[in-house]
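Please find below a note on the structure under review.

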Amino acid sequence: MASSLHQEQERAQESGKGNPGEIQRYDAVIIGAGVTGLYSLYRMRELGFSVRAFDHAGGVGGTWFWNRYPGCRFDSESYSYGYSFSEELLQEWDWKEHYSGQPENERYLNYVADKFDLRKDIQLNAHVDSAVFDQTENCWEISFEDGQKVLGQYLITSVGSLSDGYTPDFAGIESFKGATCHTSKWPKEGMDLVGKRVGVIGTGATGVQLITEIAKEVGHLTVFQRTANYCAPLRNGLIDDETQRKIKASYPEIFKKCSETPGSFMHEFDPRSAMEVSPEERQEQYERLWAEPGFKKWLSNFRDVMVPGEANEDYAEFVRNKIRERVNDPVVAEMLVPKDHMFGSKRLPCESGYYEVYNQDNVLLVDVREAPIERITPQGVKTKDAEYELDVIIFATGFDAVTGSLVKLDIQGEGGQTLKDKFANGPRTYMGISSAGFPNLFTINAASVGNFVRAAEPLVDWVSEAMCYVRDNEYMRISATPEAENAWVKHVNEDGAKILRTQANSWFVGANIPGKARALLTAPDTAPVMRAKRAQVAANGYEGFDLQ
Ligand code: N01
């Protein structure tokens, strides 16, 4: 099967999209040419599958193509984020900063696409209308907005976890006379903000990065904050030549370390409890880690800082005091201090001068929990208390995470059941990657959290190996059994309820989207546990999957 499909694919490549009316058939159709899509294409092609990736963007890079707002950058160390599959790539590519910015990250992914000749199997500007499973042919028919159709034995959704930008449905939004933009759709040519009256709605990780950067150039900035966040200094810096050499010599150790930690970052928890040591020792560790770059202050801390309880609250108060120290006006400082959720229950935004922005005379912080936004007017934003006149409104209001982009693909499985209906009360999958009644669909975007690349590479490897198993054993389809799925959903809901990530109203549980069912959208397990579970499933002949 694979070889005949290869020939068809070669013909398709020669003719671009194929002849008019001709439906190209592939072993795997990948939706998304971001970090996981590019690697899926590379890996599956290496294993002899005919593969084509489609992306609605005009370029490769996924999240790093779209999120080009000022200040956008990694919060994981650059060298822990790159692909590990090619030693040549690792040695060729020089990360310039410890926490690399969007332009560089987009350049990196373009470099990867060129180096591994991936572009010939990628179609950009391709908007999926629907994906329908054909039970007779055991394949997916994917239809695009422009009328094109393709067939794929497998449908691989590499659509990202944070890709469906969410703009609240504010009344009067279309009446605004100035410019508006969602951060995840930042125009390539940029936005002219110099000297303008700019309003930013949202103070999550995106808002924090954006606000810090644009405060340097706007005329006046109004920040509309609903929930204050715990933010910590990123302490970014350039990588000098000597450090570059050391990094390149230590990739095996970096990746080994990442493979052993819960979120696939290069930081290990201190096995001690914060409450076991003396208050002085505890404070000394908090201060020492605070002075370190990146997530160390979060993920190298005492192990129980990341568990609901006394240690978590103790550290939360340390962070609150760090915020208070940096803001001149005590009233504004208290507005910026989070008091309604636990430290670490949301991903920690890393910042580079965020709190000092509120010491500028031309910056105003507005509490929209106290006085909610009532509507957008032609002149600006009207809250319960006042109207704020603006030239530009920027929505840093986040994403319909994980399932948002998936259900928008209009995926229809056996018997015409849609993934949207099936996920109405929260995702129903087996290990995040397969859903009963949707054979040969691998939802790669729904299964990883933490350092996305480190988690995605082994996941893509596992899916590719499962596809090899199906091919080698002359099956045509693989799908989660309803029993395995039920057990997995029970595990996610029951064990997920105990972890820090489900304690706040964040995208982790879909609580940021009005009307979305509250459910943990990813696995509650650590990355090493998930890898072990998947390995066990494969070792047991794909236990929990129905193979036909
Ligand atoms: O989105 P968010 P984000 N009225 O959902 C507010 C990753 N990331 O794009 O908290 C007023 O966190 C909302 O308020 P509240 C990272 O994984 C990584 O910032 O819901 N405000 C919140 O303040 C992160 O976790 C990096 O009360 C409204 C904001 O909008 C994830 O992306 C950088 C509102 C949304 O915050 C998402 O972060 C950036 C309304 N109606 C992002 N609706 C790196 O450094 C929403 N808000 C790699």
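The numbered points that follow describe a predicted model.

1. The ligand site. The shell around the ligand comprises 25 residues, and those that come nearest are Thr 203, Thr 206, Arg 226, Thr 227 and Trp 507. Classified by residue type, this shell holds 11 nonpolar, eight polar and six charged residues. Among the secondary-structure elements, helix 7, which spans residues 205-214, gives the most to the shell, with three residues.

2. Polar atoms facing the ligand. From Arg 226, a polar side-chain atom lies 2.8 Å from an oxygen atom of the ligand. Thr 203 places a backbone N or O atom at 2.9 Å from a ligand oxygen, and a polar backbone atom of Ala 205 is 3.0 Å from an oxygen atom of the ligand. On its own the ligand has 930 Å² of accessible area, of which the protein covers 87%.

3. Helix 8 against helix 9. The axes of helix 8 (residues 241-249) and helix 9 (residues 251-260) come within 5 Å and cross at roughly 65 degrees. On the side of helix 8, the contact is formed by Ile 247, Lys 248 and Ala 249, which meet Tyr 251, Pro 252, Glu 253 and Ile 254 of helix 9. By class, this contact has five nonpolar and two charged residues, with no polar residue.

4. Helix 2 against helix 17. Here helix 2 (residues 35-46) packs with helix 17 (residues 452-472) at an angle of about 35 degrees, the axes being 10 Å apart. The crossing of helix 2 and helix 17 is right-handed. Helix 2 contributes Val 35, Thr 36, Tyr 39, Ser 40, Arg 43 and Met 44; the residues they meet in helix 17 are Val 453, Ala 456, Glu 457, Val 460, Asp 461, Val 463, Ser 464 and Met 467. The contact of helix 2 with helix 17 divides into eight nonpolar, three polar and three charged residues.

5. The surroundings of Gln 412. Which residues does Gln 412 touch, leaving aside those up to four places away in sequence? They are Ser 130, Ala 131, Val 132, Phe 133, Trp 140, Gln 417, Thr 418 and Phe 438. Gln 412 itself belongs to strand 17 (residues 411-412). Although 281 residues separate Gln 412 from Ala 131 in sequence, their C-alpha atoms are 6.1 Å apart in space.

Terms used:
Residues numbered from 1 in each chain as written. Predicted model: local features only at pLDDT ≥ 70, side-chain atom pairs only at ≥ 80, totals over all residues. Heavy atoms only, no water. Near = heavy atom within 4 Å. Polar contact = N/O pair within 3.5 Å; in protein donor to acceptor, adjacent residues only side chain to side chain. Areas by Shrake-Rupley, 256 points an atom, 1.4 Å probe, with all protein chains shown as cover. Helix = DSSP H or I, 4+ residues; strand = E, 2+ residues; numbered from the N terminus. Nonpolar A, V, L, I, M, F, W, Y, C, P; charged D, E, K, R; others polar. Axes fitted to C-alpha atoms, helices over the stretch in contact; angles between N-to-C directions. Contact = heavy atoms within 4.5 Å. Left-handed = near helix turned anticlockwise from the far one by under 90°.
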